[in-house]
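This report describes a ligand site and some aromatic contacts in one protein model. Please examine the structure shown below before reading on.

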Amino acid sequence: METEAKKQTIFSAAQPSGNLTIGNYLGAIKNWVDLQDKFDCIYCVADMHAITVKQEPALLRRRTLETMAIYIACGVDPEKVVLFVQSQVPAHAELSWVLSCNTMFGELSRMTQFKDKSAKNTGNVNAGLFTYPVLMAADILLYNTDLVPVGADQKQHIEIARTIAQRFNSAYSPTFTMPREYVTKEGTKIMSLQEPEKKMSKSDPNPLAYISLLDSRDDIIKKFKKAVTDCEALVKYDEARPGITNLINLYSCFTGKTVAEIEREFDGRGYGDFKLAVGEACADMLDGVQNRYKEIVDDKAYLEDIMKKGSEAASRIAYKTLAKVYRKVGFYPQPR
Ligand code: TRP
């Protein structure tokens with residue numbers, strides 16, 4: 001009999017938000033797709049994290065479904081991965097409570113994301129914003145996760161998850177797998193098309209600054225045409241010229257061509273030609289995603305079936321971990 005080495009487990013999650021951009025796609029979603037063949041992947045729509053800021057209930061519900069659809073349209077394959085909605089697996093909330101009793105107030109106070117968000121959200125500095133990292137630790141630790149692919153802004157959250165796991169394991173006995181962050185390749189930081197020193201953001205008030213995954217071909221081409229560059233009109237990678245450098249990086253992501261190949265291709269040609277080529281390559285890439293998205297986003301039965309299977313598969317793993325934890329902390333077992 002062939003013995004297959006057990007694959008490592010990857011866990012990642014994303015909040016359900018509308019209007020994802022090519023920055024989200026190239027920086028995060030594409031990684032999820034690339035990892036699914038090599039690892040046991042568990043991907044989650046983190047709706048519980050989303051309510052740490054005010055949400056319109058009907059919109060949150062719709063966006064949860066749309067987020068599932070967009071991930072699938074981008075190539076996340078529900079046959080290969082476990083794809084589920086966080087609130088549909090109550091073990092996340094349950095483990096989160098136990099972990100919060102093993103997390104120090106001081107540790108949470110030092111989280112930079114809490115400091116930033118509470119400074120920005122002065123009207124709603126709720127306790128969930130404060131304990132957000134504990135819920136995230138629960139997400140990760142429930143699944144014996146080896147690796148967590150995250151962006152730089154989330155590194156501190158992985159560290160605190162490790163601290164919590166370590167503390168629990170030494171206070172009781174080895175229970176949780178120690179997760180590590182999975183660093184994906186650099187160079188996928190996509191910048192604004194209007195202010196190329198800033199990261200591309202879906203919440204930018206100027207829609208010319210970003211390309212939404214659902215923008216029409218005409219809009220995409222128009223936005224690249226209007227992308228801010230310098231007056232040198234030279235298609236050459238140069239960090240001192242962030243506008244053209246961002247476009248070269250994008251064109252490379254869309255086409256797989258190297259920087260050197262791109263510089264050669266556009267040698268002696270102006271920005272006009274280049275911007276059109278970038279726009280077309282982007283629209284070509286998004287064409288398939290958009291068609292697939294349109295096919296499935298209104299197929300509630302299909303998406304709900306995936307959700308159901310996903311939460312069942314996730315629950316099987318999560319409740320095994322939770323049962324161990326409940327036993328170790330001394331909770332009285334359910335009388336049968
Ligand atoms: N906090 C993450 C974000 O906003 C989303 C998230 C929730 C997550 N739980 C997670 C990411 C667990 C990785 C692992 O992007």
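The side chain of Gln154 has an N or O atom 3.3 Å from a nitrogen atom of the ligand, a polar contact being a pair of N or O atoms within 3.5 Å. The model is predicted: local features need pLDDT of at least 70 and side-chain atom pairs 80 or more, while totals for chains, interfaces and linings use all residues. Residues are numbered from 1 along each chain as its sequence is written, and side-chain values use heavy atoms, without hydrogens and water.

| Residue | Ligand atom | Distance |
|---|---|---|
| Gln15 | oxygen | 3.2 Å |
| Asp139 | nitrogen | 2.7 Å |
| Gln154 | nitrogen | 3.3 Å |

On its own the ligand has 370 Å² of accessible area (Shrake-Rupley method, 1.4 Å probe), and the protein covers 88% of this area. Helix 7 gives four residues, the largest share of the shell around the ligand; helices are DSSP runs of H or I with at least four residues, and strands are runs of E with at least two, numbered from the N terminus.

Phe11, one of the residues around the ligand (a heavy atom within 4 Å), also belongs to an aromatic cluster with Phe84 and Tyr143. Which rings form a stacked pair at 5.4 Å centre to centre? They are those of Phe11 and Tyr143, with 15° between the planes; ring centres within 6.5 Å make a pair, and planes under 30 degrees apart count as stacked, over 60 as edge-to-face and the rest as tilted. Phe11 lies in strand 1 and Tyr143 in the loop between helix 7 and strand 4, so the pair ties together parts 132 residues apart in sequence. Both Phe11 and Tyr143 are buried, that is, under 20% relative accessible area.

Definitions and conventions:
Rings of Phe, Tyr and Trp (its six-membered ring) pair if their centres lie within 6.5 Å; planes under 30 degrees apart count as stacked, over 60 as edge-to-face and the rest as tilted. Buried means under 20% relative accessible area, exposed over 50%, partly exposed in between (1.4 Å probe, protein chains only). A polar contact is a pair of N or O atoms within 3.5 Å; within protein, one must be able to donate a hydrogen and the other to accept it, and residues adjacent in sequence count only if both atoms are side-chain atoms.
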